[in-house]
Amino acid sequence: MSRETIHTEAAPAAIGPYSQAVRAGDFVYISGQIPLDPQTGELVGADMHSQVARVFENLGAVAEAAGGTLADAVRIAIYLTDLSHFALVNEVMTQYLSEPYPSRAALGVAALPNGAAVEMDAVLYLPREG
């Protein structure tokens with residue numbers, strides 16, 4: 001099976017030796033996204049709502065570069081440095097996704113890259129045409 005890397009300027013550049021996403025067969029694996037503004041490379045806003053929204057925007061930009069949307073997500077993993085933001089993540093998630101929702105995991109972690117409070121990764125199912 002061949003692998004294809006996905007890249008877009010509409011999402012933050014990788015901050016390490018990895019791809020924004022990799023397509024393998026009918027699946028696209030989107031790397032963890034933190035609330036970085038793709039233009040400045042800086043963390044957005046002090047409030048958690050804008051940070052969670054930025055992460056969904058970044059995931060959506062990579063999904064679009066792969067030829068899909070967040071509606072194609074079959075799994076999302078959420079990493080939070082403070083699980084008290086769990087309800088807020090659920091609220092923001094409904095602004096970007098609708099039923100049927102993807103499967104999901106939410107984990108509390110000690111720290112994230114660049115001091116972010118939230119990170120998410122996703123797996124999309126995008127069957128190739130023909």
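This section describes the core, the aromatic pairs and the charged side chains of a predicted model.

The largest nonpolar core has 31 residues. Those with the most contacts inside this core are I30, V52, F56, L59, I76, V118 and M120. Two or more residues are given to the core by each of strand 3 (27–33), helix 1, strand 4 (73–80), helix 2 and strand 6. Helix 1 supplies the largest share, nine residues.

Helix 1 has 18 residues, and its first and last C-alpha atoms are 26 Å apart, close to the 26 Å expected at 1.5 Å a residue. The buried residues of the helix are M48, Q51, V52, A53, R54, V55, F56, N58, L59, A61, V62 and A63. After the helix comes G67, which has a positive phi, near 95 degrees.

F56 is one of the residues with the most contacts inside the core, and its relative accessible area of 1% makes it buried. Leaving out residues up to four places away in sequence, F56 touches L70, I76, V92, M93, Y96, L97 and M120. Of these contacts, I76 and M120 are themselves listed with the residues that have the most contacts inside the core.

Aromatic pairs were examined next. A pair of aromatic rings is described by the distance of the centres and the angle of the planes. The count comes to three aromatic pairs. In one of them, the rings of F27 and Y29 have centres 6.4 Å apart and planes at 35 degrees, so the pair is tilted. F27 is partly exposed, with a relative accessible area of 31%, and Y29 is also partly exposed, at 42%. The rings of F56 and Y96 have centres 5.3 Å apart and planes at 10 degrees, so this pair is stacked. F56 belongs to helix 1 (residues 48–65) and Y96 to helix 2 (residues 86–96), so the pair ties together parts that are 40 residues apart in sequence. Whereas F56 is buried, Y96 is partly exposed, with a relative accessible area of 27%. Ring pairs also link F27, Y29 and Y125 into a cluster.

Charged side chains form one salt bridge in the whole structure. The side chains of E4 and R128 meet in a salt bridge, with an N to O distance of 3.5 Å. This pair links distant parts of the chain, since E4 lies in strand 1 and R128 in the segment after strand 6, 124 residues apart. Both partners are partly exposed: the relative accessible area is 38% for E4 and 44% for R128.

E119, in strand 6 (residues 118–125), is buried yet has no salt bridge. The nearest side chain of opposite charge is that of R75, 12 Å away, whereas a salt bridge requires a nitrogen to oxygen distance within 4 Å. Apart from residues up to four places away in sequence, E119 touches G32, Q33, I34, A77, I78, Y79, L112 and P113.

Q33 is buried, with a relative accessible area of 4%. Beyond its neighbours within four places in sequence, Q33 is in contact with A11, P12, V55, N58, L59, V62, V118, E119 and M120.

The loop between strand 3 and helix 1 holds L43. L43 counts as partly exposed, at 35% relative accessibility. Its contacts, not counting residues up to four places away in sequence, are P35, L36, N114, G115 and A116. The C-alpha atoms of L43 and R54 are separated by 9.2 Å, and the two residues are eleven places apart along the chain.

Key: Residues are numbered from 1 along each chain as its sequence is written. This is a predicted model: local features need pLDDT of at least 70, side-chain atom pairs count only at pLDDT 80 or more; totals for chains, interfaces and linings use all residues. Side-chain values use heavy atoms; hydrogens and water are left out. Helices (H or I, at least four residues) and strands (E, at least two) are DSSP runs, numbered from the N terminus. Buried means under 20% relative accessible area, exposed over 50%, partly exposed in between (1.4 Å probe, protein chains only). Lys and Arg count as positive and Asp and Glu as negative; His and the chain ends are not counted. Contact means heavy atoms within 4.5 Å. Rings of Phe, Tyr and Trp (its six-membered ring) pair if their centres lie within 6.5 Å; planes under 30 degrees apart count as stacked, over 60 as edge-to-face and the rest as tilted. A nonpolar core is a set of buried Ala, Val, Leu, Ile, Met, Phe, Trp, Tyr and Cys residues joined through side-chain atoms within 4.5 Å. The expected span of a helix is 1.5 Å times one less than its number of residues.
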